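Reader: I should like to study this protein step by step. May we begin with the structure itself and then turn to questions?

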Amino acid sequence: MAGVTLFPCAFDVPCDAFACSKPARWFVGRHDGPLNLCFKLCQDCAASLVANIPQELLPQTTVSESSNEVPNQEQAEEAVQVEAQEEAAGLRNYICLKCGKAYASPQRLAAHMRACKAVPSHE
Ligand SMILES: [Zn+2]
Ligand SMILES: [Zn+2]
């Protein structure tokens, strides 16, 4: 719903979180709506909420290093995860000659090279 935000709570009311009795510092809800319909959070609970926002709710960030490619969004996110795991495991030995990206299997590299739009650098 549009208009739902975290906004400061200046009233002397307790946090609504279970088993938390600290004073509320933040409202969660519509600023223009009835405040008694807003969820109230103390500083700690609000910070915890913000720190634990699910990935799918975060604003999409674009990966700047592949700005010359426009892959399917879902495939790209999956690939980034897989690539990160492979990079951590030191498995990426197949390197695109055009853009320098490394892949863990010749099949994946071949699939990338068909789609790779990077222009070979002239050195
Ligand atoms: Zn709390
Ligand atoms: Zn490439």
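Reader: How many residues make up the largest nonpolar core?

Author: The model is predicted. In it, the largest nonpolar core includes Cys9, Cys15, Ala24, Trp26, Phe27 and Leu41. Strand S2 (26-30) and helix H1 (43-51) are the elements that give two or more residues to this core. The number of residues in the core is ten.

Reader: With which residues is Ala24 in contact, leaving aside its neighbours within four places in sequence?

Author: Ala24 is itself a member of the largest nonpolar core. Leaving aside neighbours within four places in sequence, the residues in contact with Ala24 are Cys9, Val13, Pro14, Cys15, Lys40, Leu41 and Cys42.

Reader: Why is Arg108 classed as partly exposed?

Author: Arg108 lies in helix H3 (residues 106-115). A residue is buried if 20 or more other C-beta atoms lie within 10 Å of its own, and exposed if 12 or fewer do. Arg108 has 18 such atoms within 10 Å, and therefore the class is partly exposed.

Reader: In what order do the elements of the protein run from the N terminus on?

Author: The protein contains three helices and five strands. From the N terminus on, their order is β-β-β-α-α-β-β-α.

Reader: Which element of the protein has the lowest mean pLDDT?

Author: The protein averages a pLDDT of 82, and 73% of the residues score at least 70. Where pLDDT is low, the predicted coordinates should not be read in detail. Strand S3 (residues 39-41) has the highest mean among the elements, 96, while the lowest, 67, belongs to helix H2 (residues 73-89).

Methods. Residues numbered from 1 in each chain as written. Chains lettered and ligands numbered in written order. Predicted model: local features only at pLDDT ≥ 70, side-chain atom pairs only at ≥ 80, totals over all residues. Core = buried A, V, L, I, M, F, W, Y, C linked by C-beta atoms within 7 Å. Helix = DSSP H or I, 4+ residues; strand = E, 2+ residues; numbered from the N terminus. Contact = placed C-beta atoms within 7 Å. pLDDT = per-residue confidence, 0-100.
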